[in-house]
Number of protein chains: 2
Amino acid sequence: MQDYTPPLDDISFLLDRVLDLPALLETERFAELDPEVVHEAIEAAGTFIAEVIAPTNAIGDEMGTQLQPDGTMVTPDGFKEAYAKLVEAGWGALTFDPAYGGGGFPETVGIVLQEFMVSSNMAFSMAPLLTQGSIHAINSVADELVTETYLAKLVSGEWTGTMNLTEPEAGSDVGALRTKAVPNDDGSWAITGSKIYISWGDHDMAENVIHLVLARTPDAPPGTKGISCFVVPKIMVNDDGSLGEPNDLKVVSVEHKMGINASPTCTMSFGDEGGATGWLLGNEFDGMRVMFVMMNMARLSVGVQGLGLAERTLQGALSYANERVQGKVVGTPKEDRTSPIVGHPDVRRMLLDMRSLTEAMRGICLMNAVAMDRAGSLADEDARQAAEDLNELLIPITKAWCTDMGVEVTSLAIQVYGGMGFVEETGVSQFFRDARIAPIYEGTNGIQAMDLVGRKLPMRSGGVVTDTIADIRATAAALSADDELAGIGARLAEATDALDEATQWIFGHAGEIRDVLAGATPYLRMWGLVVGGWVLGKSALAAAEWAADDGPADFCAEKVRTARWFADQHLSTVVGLTARATSGASLMDEASL
Amino acid sequence: MQDYTPPLDDISFLLDRVLDLPALLETERFAELDPEVVHEAIEAAGTFIAEVIAPTNAIGDEMGTQLQPDGTMVTPDGFKEAYAKLVEAGWGALTFDPAYGGGGFPETVGIVLQEFMVSSNMAFSMAPLLTQGSIHAINSVADELVTETYLAKLVSGEWTGTMNLTEPEAGSDVGALRTKAVPNDDGSWAITGSKIYISWGDHDMAENVIHLVLARTPDAPPGTKGISCFVVPKIMVNDDGSLGEPNDLKVVSVEHKMGINASPTCTMSFGDEGGATGWLLGNEFDGMRVMFVMMNMARLSVGVQGLGLAERTLQGALSYANERVQGKVVGTPKEDRTSPIVGHPDVRRMLLDMRSLTEAMRGICLMNAVAMDRAGSLADEDARQAAEDLNELLIPITKAWCTDMGVEVTSLAIQVYGGMGFVEETGVSQFFRDARIAPIYEGTNGIQAMDLVGRKLPMRSGGVVTDTIADIRATAAALSADDELAGIGARLAEATDALDEATQWIFGHAGEIRDVLAGATPYLRMWGLVVGGWVLGKSALAAAEWAADDGPADFCAEKVRTARWFADQHLSTVVGLTARATSGASLMDEASL
């Protein structure tokens, strides 16, 4: 694969002209920032990440992070150095509270950096990502003791964080977990139990690892209501903040996975010597609430993983298709016996599918991020609620659709490379292998679809969905009013009608939950395509406006073409998903499986 | 993954009741066979393959076939022994001419065995598969010298064969190859050049490897017209048939790939010491003709790879979903806090998609194989030509659609397994990694789509396609005439209308080849879905008939349900592909890529 180049122009265009970042920056909360500062930060971070993190990707895949016989965990060559530079540069702290050393930037900017990190090295990027999740969780309860002890070190990245949820019998069903917490005399708790699939459960890049562990206290009620969250450091922290003795926890084994090899997926054992020492985060039985605090951000970030891998392989495939000479392109002069494969219609189709899907993913991720930031910063109550509603609606769509498309786009990249794509040294197959985890973790995409139909559709008795569909129709109408863009508008309107039809079917079957769940995944796919078409439609409108106002003609024309491609090739398939979304459960329940 | 079980009931049902194998066996060519003998052979081969070949799969992936410092190639543990047993059992010879030790069985039976082999170990299966290709090629020219020397040893499997086509600058564009052949004084030729991506280019399972090598003779015209095919043994064969000196060829390196690790993908060097000795197969410049002889069979076999991997992971996912307890299933009694995940609607959807796609793939592969056999055995000239036409039309559809669905179904399997699916030890990810090569080799799926619109649609001035669409409509009508099956008939008719519309569009744009090629891949996808729905529709009709005639009620009911699922969930998406197939090339050609 060629070097990675952060797609700064695309991001600036989206943020400034499509998603109205400038308006967000005018809110009280971001009063210290302005668009110029934000774009400078994005550009500098992009340069840093491309130069420092991206070179670690291939070696990370090859070596993996390994558990040594002495129990220590060793990261691939170059990881420690790259991580140290990241901490020094401070990019991981950009979106956090300045009171703890953060930069006070919007989450939207963090999401942009997350894309760069994933494009550069997804496995590596998960260490700071999990740390950010821990910060959100700890921040949410504002327990002074815990906050003072841990927050600044996590914000700076000197320490990293993990989430310990899953157990062998408790995966999607978190409520089934069995890890125990028993109170000690000094206000701390003794934690015992096993956790699996703990990403970055231990490593050698930071001097301490802070585990957030879900566990049951004595006499806790069964299910999710009886779960509490504990902060359990790898190394005990003395009162003066210095490091003390190792805690009673260890990595038992590391999974051998299909991808993200450098991100160690650990089986952790807590309390083999009697109990790991932990501190309750918030109140007893607050565990699920704490998890939910960081869940939206985590799901958005996993959606961005699909985007980041897609962007990286799009860059590679475009470059390869322009270099690789093979076969005569139909329509070229007779004397050209061979041409770069970018000339072949089928290769152009794959590249345009890759590009339009990637830009749609970026549009969805950033639209979601901006909604999240607006929900946390707008002064007007109604506007803030509307932003929060959109954020909640988009989260499962962003997570599931973007991760599915991450697999799709990286697979298309392999196809563009042909036989070379199947050879590991080419590098593209790693992105495909890495991509395959994202539809699984942080709530499988099936869980996302259940969340969409079970929790999000009922919001405001269906009002949120109805309003969003109305907003999409308004964009379609604006497109249709412009002769140049009317084709996009027609496709968007047609797809939105199909989505509306399926939505009405679900509202009409609210009492028959199995019927609704039977089609939830295809229904979510319809949403992903329509929201992708919506944001690209907005993008086409913005590009046309900019072009009329002396914007860069080629750039603007290409944005319109990308939107048109997505409309013709992808929005057009939405109507064909209606039957899949609305078939009900009777046939599947008759089947013997 | 649990053990592999050959799906004998499904295959028998398809062969006997849907595809009319008994009629094929009544032809002169297969006079010595009857259905009972055929089914006994299939069952015995299935048992052998499941017991002897399947256990080599995981270790094969882990160890790979490795090039040693001394230049020899060592296969994974157990491969030599398994291969020796395969040769001893003689299953590789089943479909070949009894004159050379073959069994004289129809290719259809060979395709059934190929499915078993791929389900058991795709990488291993490629050694006998390539040997079979060599046999077809050598057989086609009937050169006595070459035939006598090599054929019996290849049929028995004592020696294996390879195809040496690809060079660094000659992949999809075979005509660009540069390997040279210069005549020696004794009628042999001296071959020099490099070949890449040579599967099973060398190994330790057989005492000789017979390479078929495409090369250019002196003064050969450029392009594909100047290509000749040579037989080049690894070890020279003496006049008495014994082995002599090593030939002047070697493996230079072996690719490190994403999958099929046990199948060594070799870079071969011919003639480093002055020239490898080869013999012309057929006449000079016959190279492409010889390749075309085996191309249809090879493409069908690669389609079967998608099928075989899908079947294997379907079995695994069904088993896992019935064992894995997680979460409470909607609609079950309150006291059941958890249930096997097979009860969750979204899991049922995935399993039914997997099953219906897999059965559609099997139906397409075997329908194609039967057409091939009928083309080679029917007495009636018109019927034979019709069978040959159907065979030619189906080949690109079988190859491309089944290999794409192989990736899709193995990916669904990973999703059913959840986090376990991403862990290599579970075994399912290997099938997904293995599956990803099949859309690339033996003519990329883009090449298949070009073949469909460029070579197959014009057959008999469109008559073959038109007749096939009429045949499909007849099946739809028969389904619609049955109250129980009318829903399937309606879906099939609707999808066929969409396919017909896209076909007419292509006929109307015959002069604008870039417009046609722009949509060729989505157009092929429409064909795959419609033919899949067609064969499952036939299957539903046959099942209903059998049930009425005292057939096994549950089995027959399940076949109808599978056809209905495919109709509701997959045929229903065909109409949404029309725009993708018929958008033309203008937008893609404007785009800057």
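Within chain B, Lys180(B) has Thr192(B) of β5(B) as its bridge partner. These residues belong to strands β4 (residues 180-183) and β5 (residues 189-199) of chain B, which run antiparallel and are joined by four bridges. Strands here are DSSP runs (E, at least two residues), as helices are (H or I, at least four residues), numbered from the N terminus, and two strands pair if DSSP finds at least two bridges between them. The model is a predicted one, in which local features need pLDDT of at least 70, side-chain atom pairs count only at pLDDT 80 or more, and totals for chains, interfaces and linings use all residues. Residues are numbered from 1 along each chain as its sequence is written, chains are lettered from A and ligands numbered from 1 in the order in which they are written, and side-chain values use heavy atoms, with hydrogens and water left out.

β4(B) and β5(B) make up a hairpin with five residues between them, and Gly187(B) in its turn has a positive phi of about 95°. A further antiparallel pair in chain B consists of strand β8 (residues 235-237) and strand β9 (residues 243-246), with two bridges. There, Val237(B) has Leu243(B) of β9(B) as its bridge partner. β8(B) and β9(B) also form a hairpin with five residues between them, and the turn contains Gly241(B), whose positive phi is about 90°.

Most residues other than glycine have a negative phi. Asp219(B), which is not a glycine, has a positive phi of about 65°. Asp219(B) lies in the loop between β6 (208-216) and β7 (227-233) of chain B, and is exposed at 78% relative accessibility. For this classification, buried means under 20% relative accessible area, exposed over 50%, and partly exposed in between (1.4 Å probe, protein chains only). In chain A, Glu442(A) has a positive phi near 60°. Glu442(A) is located in the loop between α12 (428-435) and α13 (445-456) of chain A and is partly exposed, with a relative accessible area of 32%.

A straight helix of 35 residues would span 51 Å at 1.5 Å a residue, whereas α6(A) spans only 19 Å between its end C-alpha atoms; the expected span is 1.5 Å times one less than the number of residues. A kink of about 135° is centred on Asn121(A), the bend being the angle between axes fitted to the seven residues ending at a residue and the seven starting there. Of the 35 residues of α6(A), 31 are buried.

At the interface, 84 residues of chain A are in contact with 84 residues of chain B, contact meaning heavy atoms within 4.5 Å. The area buried between the chains is about 7,400 Å², of which carbon and sulfur atoms give 58%; buried area is the accessible area (1.4 Å probe) that two parts lose on being put together, summed over both. In chain A, Phe422(A), Arg580(A) and Leu593(A) lose the most area to chain B, together 12% of what that side buries.
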